[in-house]
Amino acid sequence: MQSGLYIVGTPIGNLSDMSPRAIDVLKSVDLVAAEDTRVFAKLSQHFDIKTKSVSCHEHNEREVVDSLVEKMLNGQSIATVSDAGMPGISDPGFRLIRAARAANVPVFVVPGPTAAISALVLTGFPTDRFTFCGFFDEKKVREDNKIRHTIIYYESPNRVMDTIKTLATVMPERQIAIVREITKIHEETIIGYPADLLNIDAPRGEIVIVVAPAPDKKMSDDEISDIVNDIVANSTKSAAAQLAARTGISKKEAYKKLVEKND
């Protein structure tokens with residue numbers, strides 16, 4: 001096995017998605033840097049992988065990276081795996097990969113399933129342009145709404161209903177897809193406008209939210225006025241920010257419309 005770092009994708013649910021190459025690499029490397037060695041142990045047992053593993057997760061990655069890079073510089077081969085999917089995609093691995101590149105250590109990728117891309121293609125939403133924003137952040141969602149093409153988020157089942165409620169306020173005109181349990185028995189894709197999904201049973205399991213592109217059609221003055229009426233109870237400054245986020249117009253133009261409404 002050539003020395004270097006091997007980025008190995010692992011199944012996101014269905015173990016049958018594990019590639020023969022991924023199994024071969026994990027059996028052949030000198031060491032596996034795993035997000036959780038207990039999770040990797042289950043994968044190892046299923047595929048009869050006997051390679052030693054060490055922890056490399058978000059809480060210790062900074063501390064262990066240097067020693068792992070030193071091992072590779074001394075001729076060892078190391079694979080990095082996350083609990084599921086591709087390392088580095090909202091999972092540990094980024095710092096190790098960056099450090100290996102900085103040290104001129106050879107880096108190889110062994111592709112595997114990725115929840116974000118799998119969810120995207122399941123929705124039927126446009127895929128020519130998309131932005132992955134990681135885990136949903138309510139503080140950034142108004143800024144995210146300036147992204148007019150497809151958006152992808154990860155979300156916890158404990159927060160998903162609150163997230164739908166937020167999207168109903170900030171992105172009411174954009175369809176969303178709630179994609180859960182990808183490749184598993186209870187895989188499901190629910191598509192609709194956020195307001196239409198407020199009363200669904202709270203989805204369980206691993207969840208990806210995909211937001212469709214903003215409509216090409218610019219909102220009419222009457223449609224904007226309806227939104228103005230909906231949010232006018234807020235202070236003019238915060239209402240202007242909300243109006244701009246929901247309509248795509250500038251904050252300056254939104255503020256002007258609100259001032260005219262109050263007059």
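Author: A polar contact is a pair of N or O atoms within 3.5 Å; within protein, one must be able to donate a hydrogen and the other to accept it. Keep that cut-off in mind. The model here is a predicted one.

Reader: What makes the backbone oxygen of S55 and the side chain of N60 a polar contact?

Author: The distance. The backbone oxygen of S55 lies 3.2 Å from a polar atom of the N60 side chain. The cut-off is 3.5 Å. So 3.2 Å falls within 3.5 Å, and the pair qualifies.

Reader: Where does N60 lie?

Author: In a loop. That loop runs between β3 (53-55) and α3 (61-73).

Reader: Why is N60 called buried?

Author: Buried means under 20% relative accessible area. N60 has 15%, so N60 counts as buried.

Reader: What are C56 and C133, buried or partly exposed?

Author: Take them in turn. C56 has a relative accessible area of 3%, under the 20% limit, so C56 is buried. C133 has 26%. That value lies between 20% and 50%, so C133 is partly exposed.

Reader: What makes β8 and β10 a pair of strands?

Author: Bridges. Two strands pair if DSSP finds at least two bridges between them. Five bridges join β8 (residues 176-180) to β10 (residues 207-211), so these strands pair. They run antiparallel. Within this pair, V179 stands opposite V208 in β10.

Reader: Which sheet holds these strands, and what is its order?

Author: An open sheet of five strands, with mixed pairing. The order is β6-β7-β10-β8-β9.

Reader: Why are β6 and β9 called edge strands?

Author: β6 (130-135) and β9 (188-192) each pair on one side only. From one strand to the next, the twist averages 15 degrees.

Reader: Which helix lies across β7, β8 and β10?

Author: Helix α7 (residues 160-170) does. Its angle to β10 is about 10 degrees.

Reader: Which residues touch the most other members of the largest nonpolar core?

Author: L5, L68, V69, M72, I78 and L96. The core has 18 residues. β1 (4-8), β2 (31-34), α3 and α4 (94-102) each supply at least two. The largest share, five residues, comes from α3.

Reader: What does M72 touch, leaving out residues up to four places away in sequence?

Author: Its contacts are S3, G4, L5, I78, L96, A100 and V105. In soluble globular proteins, nonpolar side chains tend to be buried together.

Methods. Residues are numbered from 1 along each chain as its sequence is written. This is a predicted model: local features need pLDDT of at least 70, side-chain atom pairs count only at pLDDT 80 or more; totals for chains, interfaces and linings use all residues. Side-chain values use heavy atoms; hydrogens and water are left out. Helices (H or I, at least four residues) and strands (E, at least two) are DSSP runs, numbered from the N terminus. Buried means under 20% relative accessible area, exposed over 50%, partly exposed in between (1.4 Å probe, protein chains only). Axes are lines fitted to C-alpha atoms, for helices over the stretch in contact, and angles run from 0 to 180 degrees between N-to-C directions. Contact means heavy atoms within 4.5 Å. A nonpolar core is a set of buried Ala, Val, Leu, Ile, Met, Phe, Trp, Tyr and Cys residues joined through side-chain atoms within 4.5 Å.
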